[in-house]
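Please look through the sequence and the structure below before reading the notes that follow.

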Amino acid sequence: MILNRILRFQALLTTFLLLGVSCMMSAQSTFEEKLAQLGINRENVTDWSDKDNISWPKPQCAYINLTGISNMPRYKTSNLHAWVEVFDGQGNYFKKRALINLQGRGSTALAKKNFKLDFCNDEWLGEDTPDMVFGDWVPQDGFHYKAFYLDLYRGMGIMGYWVYDLITWPRGQYGRIWERANLKNPDERALCHPDAFPCVVYLNGEFHGLFCWQLKKHRKNMNMKKNTPEHIHIEGTRVDGSTLYQNYVKWSVIEVRNPKNLYCMDGSVYDADKNMQELIDETSPYFNLETDDAKTKEYKQNTAKAKAYLQNFSHYYTELINMEAAGASKEEMRAAIEQRFDVPSLIDYIIHNLLTSNGDGLIRNLQWFTYDGVKWHVAPYDLDGIFGYCVPTGNGLFEPGYFQTGRLVDRVFTAPYGMRWAYLYFRKEIYEHYAYLRNNGYLNSEIIANLFDQWYHWFGENNYKDEWIKWPNSKCLIETQANEPWELCPFAQPEYSKLPNYSDTITYKAGQKCRVQSKIWMTKEDVKGVRPYKIMGSKDSLTRMAYYLPIHFAALDKWMHYTFETQAMSYTLNVSTAGWTTLCLPFSFAIPDNLQFYSVKGMREDGRLILVQTPTVEANKPYLVKGKPGSYFLSGFTEEAGELGEDYLRNDRLQGCHVGRYAPQGSYVLQNQNGNVAFYKVEESGTVHVGEHRAWLVADSEAMTLPNAFELDVEDTDCVDVPESQTGQMSVYSADGSLITHPVKGLNIIRYNNGKTAKVIMK
């Protein structure tokens with residue numbers, strides 16, 4: 001049943017959303033002060049320091065203290081000897097040795113840099129290493145710590161991987177790429193892409209910054225064997241027709257991550273960091289030397305096999321182009337493509353690329369891999385330039401309104417990329433999979449925006465305050481300032497693409513426009529030789545994604561030729577002994593006996609709610625429900641979600657959600673506290689979680705002073721009973737005919753959108 005799949009999906013999503021804790025601390029606390037504020041006592045934690053291996057639940061937000069080093073590493077090969085203390089905030093702790101090095105390419109030019117830790121059980125030799133397992137991750141002995149210095153959330157890329165899971169997970173038992181490779185004894189934990197949880201890093205007890213504790217691109221996470229020549233995993237700084245796809249492998253650019261123990265044509269050992277050269281084959285004078293031992297010969301033979309597979313891969317584009325030129329039928333082309341590529345991964349990658357606006361995800365930041373040397377799969381990597389962000393300079397980050405410079409209609413998949421073949425010959429399958437994801441509720445702006453909100457709450461606002469004090473020059477905090485006589489204009493396509501780039505040699509007349517640094521500029525008077533901007537910032541806001549995503553989904557729906565198709569759905573509502581709950585479903589249904597549904601029209605300062613009972617329920621509208629304890633089976637058909645509408649998931653004072661999320665500060669959430677059922681005020685964001693298909697109260701801004709709780713007792717609540725013959729949205733008028741926001745004491749006139757009216761007296 002579709003609902004069961006959605007509920008299983010929501011359970012998966014909940015593992016993303018329910019990790020968060022709120023950190024209530026003062027800015028720039030020391031490590032020990034932070035532990036005290038968290039309520040962590042060293043004497044009361046389980047100490048794993050002497051364990052050879054570590055297996056923990058995935059931390060909510062880990063706290064790390066690096067000691068034994070005076071500074072963070074400056075090079076990839078620093079190999080600094082550090083001690084690492086880790087508290088997971090859930091009662092676990094360890095202190096272990098680790099080699100610490102710089103990590104990544106782009107971040108090396110930024111003030112705050114990525115680093116990596118390779119943990120050791122020995123004294124920094126790296127020969128005896130622990131297996132560390134967090135949650136459902138594969139075991140690793142080292143991890144990457146991503147700074148995400150340019151984005152406001154300090155974890156944009158991680159949410160990109162989760163979005164990829166939203167796209168692939170509904171494929172069921174074949175959702176993971178390795179599941180389609182028919183491997184023997186695979187590790188079911190392998191993701192084929194990174195994952196991460198938040199961590200707060202201290203250096204010698206002083207705050208250093210917010211990081212993502214991230215899985216590496218390790219063969220275990222790809223379900224690959226170290227010395228199997230068919231298990232090939234590649235990536236590159238540029239992967240296109242000039243480096244790979246057109247009968248050529250540019251070995252200095254294409255990095256071979258697996259198999260290991262490779263050799264180069266000159267007989268040297270292949271090293272992706274120091275020695276990226278052409279792989280050895282039988283034509284090299286250094287192949288199978290008489291002086292080579294048996295193991296070295298085996299490695300060189302494996303290298304030659306892997307090289308041949310790679311070279312064959314480089315021929316695929318030309319082979320398929322030649323088939324087209326020779327007049328091959330569509331069916332013949334599809335069969336030839338399926339022999340060479342894992343088509344589902346191409347489809348998923350295209351959808352993900354478009355959905356995340358991954359502008360550089362076609363020629364870099366992608367992983368190609370094969371398990372048999374013949375059929376190649378693709379997956380995303382290095383997603384720090386998505387949803388409007390741009391690296392490494394950050395100048396492409398867009399302030400509110402500057403969502404993206406590239407339109408979806410301009411995205412080209414026909415160049416010499418691997419995705420070309422899915423785009424040309426499996427377009428119908430792309431559209432169908434996207435439609436399935438949209439129709440069945442796996443992909444929508446609410447789900448994705450919620451991932452961003454949740455990640456922010458995982459770190460906690462006070463940890464972000466520490467981050468902004470430590471790293472105040474991060475461009476996501478800085479507003480762009482124009483030079484006189486220039487001014488910044490609202491961004492619009494296709495105007496941007498038609499404008500010329502700014503030039504110092506041109507005299508610009510008053511009112512003339514140009515573009516520079518992904519923005520549109522206009523001069524207020526004649527000017528020459530004065531660049532448009534004084535300061536180029538990329539100030540972001542927590543509200544940007546909520547505005548951006550519905551607009552972007554609307555554009556993507558158009559690209560995919562998608563129109564909503566209703567789906568049959570059902571849901572079991574459980575009413576506890578408390579007798580009250582909230583509900584917000586994507587379908588309408590007949591109200592069962594023993595249940596009453598209410599809209600909340602207003603909130604009174606004396607702690608009473610103004611409720612209006614309704615005989616009908618609308619899709620995507622939240623309601624307060626009163627009923628006899630028990631389980632109620634609800635069924636209906638989904639209705640298209642108006643995500644661009646201001647009233648989406650809103651019903652008077654109730655705000656609903658389809659995925660679990662934290663209620664905002666100042667709202668009210670229905671809770672049973674010590675047997676007292678009421679709507680209790682949320683004192684701090686990120687502390688009260690609202691479940692899937694539930695709702696919370698939005699505070700009435702017109703009320704002068706609101707209480708800390710609204711108790712629920714219809715006897716003591718201003719409650720308007722609606723005649724069963726009346727349905728639809730209503731307006732409320734006072735006795736003199738004036739429109740009012742909610743029923744008041746005395747005579748009220750209720751007018752329905754079907755033209756009928758009812759008179760109600762409030763006591």
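Gln214 has its place in strand E10, which spans residues 206-214; helices (DSSP runs of H or I, at least four residues) and strands (runs of E, at least two) are numbered from the N terminus. This is a predicted model, in which local features need pLDDT of at least 70 and side-chain atom pairs count only at pLDDT 80 or more, while totals for chains, interfaces and linings use all residues. Residues are numbered from 1 along each chain as its sequence is written, and side-chain values use heavy atoms, with hydrogens and water left out.

**The chain as a whole**

- The secondary structure of the protein chain comes to 14 helices and 40 strands.
- Of the 763 residues in the protein chain, 55% are buried, where buried means under 20% relative accessible area, exposed means over 50%, and partly exposed lies in between, with a 1.4 Å probe and protein chains only.
- Among contacts in the protein chain with a separation of 6 or more, 70% are between residues 24 or more positions apart, a contact being heavy atoms within 4.5 Å.

- Gln214 counts as buried because its relative accessible area is 2%, and, leaving out residues up to four places away in sequence, Gln214 touches Phe143, His144, Lys146, Ile158, Pro194, Asp195, Ala196 and Tyr381.
- Ser474 lies in the loop between helix H12 (461-470) and strand E15 (481-482), and its relative accessibility of 0% is why Ser474 counts as buried.
- Gln277 is found in the loop between strand E12 (254-258) and helix H6 (294-325), and Gln277 is partly exposed because its relative accessible area is 29%.
- Apart from neighbours within four places in sequence, Gln277 is in contact with Trp251, Cys264, Asp266, Ser268 and Tyr270, while the C-alpha atoms of Gln277 and Tyr263, 14 residues apart along the chain, are separated by 8.8 Å.
- Ser576 has its place in the loop between strand E22 (568-575) and strand E23 (580-585), and with a relative accessible area of 41% it is partly exposed.

**Aromatic rings**

- The count comes to 58 aromatic pairs, under a rule by which rings of Phe, Tyr and Trp (its six-membered ring) pair if their centres lie within 6.5 Å, with planes under 30 degrees apart counted as stacked, over 60 as edge-to-face and the rest as tilted.
- Trp56 and Phe134 form an edge-to-face pair, 5.9 Å centre to centre with 75° between the planes.
- This pair links distant parts of the chain, with Trp56 in strand E2 (residues 54-56) and Phe134 in strand E7 (residues 132-134), 78 residues apart.
- Trp56 counts as buried at 2% relative accessibility, and Phe134 is buried with a relative accessible area of 0%.
- The rings of Trp455 and Phe459 have centres 5.7 Å apart and planes at 90°, so this pair is edge-to-face; both residues are buried, and both lie in helix H11, four residues apart, about one turn of the helix.
- One aromatic cluster includes Trp56 and Phe134, with Trp48, Phe94 and Trp213 also among its members.

**Charges over rings**

- The charged end of Arg420 sits over the ring of Trp421, 4.9 Å from its centre, the rule being that NZ of Lys or CZ of Arg is within 6 Å of the ring centre and within 35 degrees of the ring normal.
- The charged end of Arg515 sits over the ring of Tyr496, 4.9 Å from its centre.
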